[in-house]
Amino acid sequence: MKTAQVYQNKIVVKEFEKVKLNGRKGAVVRVIGCGLCGSDIVKFRHKIVPDGAVLGHEIVGEIAEINSDTKFKCGDKIVTSHHIPCGKCDYCKHGNVSMCRHFKETNIFPGGFSEYVFVSEEHLENVAYPVPPNITDEEISFYEPLGCCIRAIKRCNLMKDDTALVVGLGSIGLLMGEGLKAMGYKVFGCDLIGKRTELANRMGIESYNYKKEVDAVFMTSGADKAIETALSAVRPGGKILVFSSTPQNNGYPNNEIYYKELTILGSYSPSPSDLRDSYEFLTSGKVNVKGLTTVYPLDKIQQAFEDTISNKIFKAYIQITA
Ligand SMILES: [Zn+2]
Ligand SMILES: [Zn+2]
């Protein structure tokens, strides 16, 4: 089977031994397509993964082989995410499911940018859903990234009609804005790139005018400068949700947190219940992701990475098997 693998500064399409069930509980899924995540870009650019690694986790596919007591069968089209919390450890008990060791160890194999992947029964039970006919493959591929955004929004524990500012309007910023709207909050957005702000406006995310303070700021931008924007926009007593790494790893100033009684909190990866909400929002049309993706065939995956890095496109979707 064909996979896209990281080799030095390139993504190379290479043969890989086809995944098999080998008596295991779970399914072999033929990957129809896989979204290119910002975290894939970070892993590639900063060489966090070894050569030969297969990136990608935002998959939609069809079950090719199955050995499972779940409701799924061969031929079912499914969407799944890649990590599952144990539900029992101290992290899980405190709701920090993405810090759970089991969560970090579980994955689809070998990675989403592959013609086939092995999905365990645990995935099928906890984080996989059937894809209904009323949604496209590209749209449902936002299932995992939207789940990440929903978790971030829930962690802020906002009140009805609260205002939120999304700093950075790339695909994840737009998705955050869509999630906030769907959950009933008033959303503003800002980005230095004009065409991003324009698209956000068309999606009902108002441009931020830097006059009125907001209850919460969602930091989807990876720029260090964005920290200043967040601090000037958040109201006293408000929250800043950190949702991206930054190159300089700069901190939030101690005294400002103290005197303004700010809450700075992080959010990383979704729980099964956030994913269930994401599935519901996407399939019911409460969240609209139409027209956000640019489709690339697997052979052009290198181009997809480059176009994402140069901000030429919002979100790449890699079409792997038709
Ligand atoms: Zn992702
Ligand atoms: Zn756990």
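Let's start at one residue, Phe218: leaving aside its neighbours within four places in sequence, Phe218 is in contact with Ala152, Ala164, Val166, Val167, Met176, Leu241 and Phe243. Two residues count as in contact if their C-beta atoms, placed from the backbone, lie within 7 Å. The model is predicted, so local features need pLDDT of at least 70 and side-chain atom pairs count only at pLDDT 80 or more, while totals for chains, interfaces and linings use all residues. Residues are numbered from 1 along each chain as its sequence is written, and chains are lettered from A and ligands numbered from 1 in the order in which they are written.

Together with Leu165, Val217 and Ile318, Phe218 touches the most other members of the largest nonpolar core, which has 98 residues. Such a core is a set of buried Ala, Val, Leu, Ile, Met, Phe, Trp, Tyr and Cys residues joined through C-beta atoms within 7 Å; buried means that 20 or more other C-beta atoms lie within 10 Å of a residue's own. Helix α6 (residues 143–155) gives the most to this core, with 7 residues. In soluble globular proteins, nonpolar side chains tend to be buried together.

Now look at the strands. Helices (H or I, at least four residues) and strands (E, at least two) are DSSP runs, numbered from the N terminus. Six of the strands form an open sheet in the order β10-β9-β8-β11-β12-β13, with parallel pairing; two strands pair if DSSP finds at least two bridges between them. At the edges are β10 (206–207) and β13, each pairing on one side only.

Follow the sheet from β11 (residues 214–219), which pairs with β12 (residues 234–242) over 5 bridges in the parallel sense. Here Val217 has Ile240 in β12 as its bridge partner. Next, β12 and β13 (residues 263–266) pair in the parallel sense over 4 bridges, and Leu241 has Leu265 in β13 as its bridge partner. Helix α7 (residues 171–182) lies across β8 (163–167), β9 and β11, running at about 165° to β9; axes are lines fitted to C-alpha atoms, for helices over the stretch in contact, and angles run from 0 to 180 degrees between N-to-C directions.

Finally, step back to the whole chain. The protein chain is divided into domain 1 (2–142 + 289–319) and domain 2 (149–266), with bounds from an automatic or database domain assignment. Their contact takes 7 residues from domain 1 and 7 residues from domain 2.

Terms used:
A residue is buried if 20 or more other C-beta atoms lie within 10 Å of its own, exposed if 12 or fewer, and partly exposed in between; C-beta atoms are placed from the backbone.
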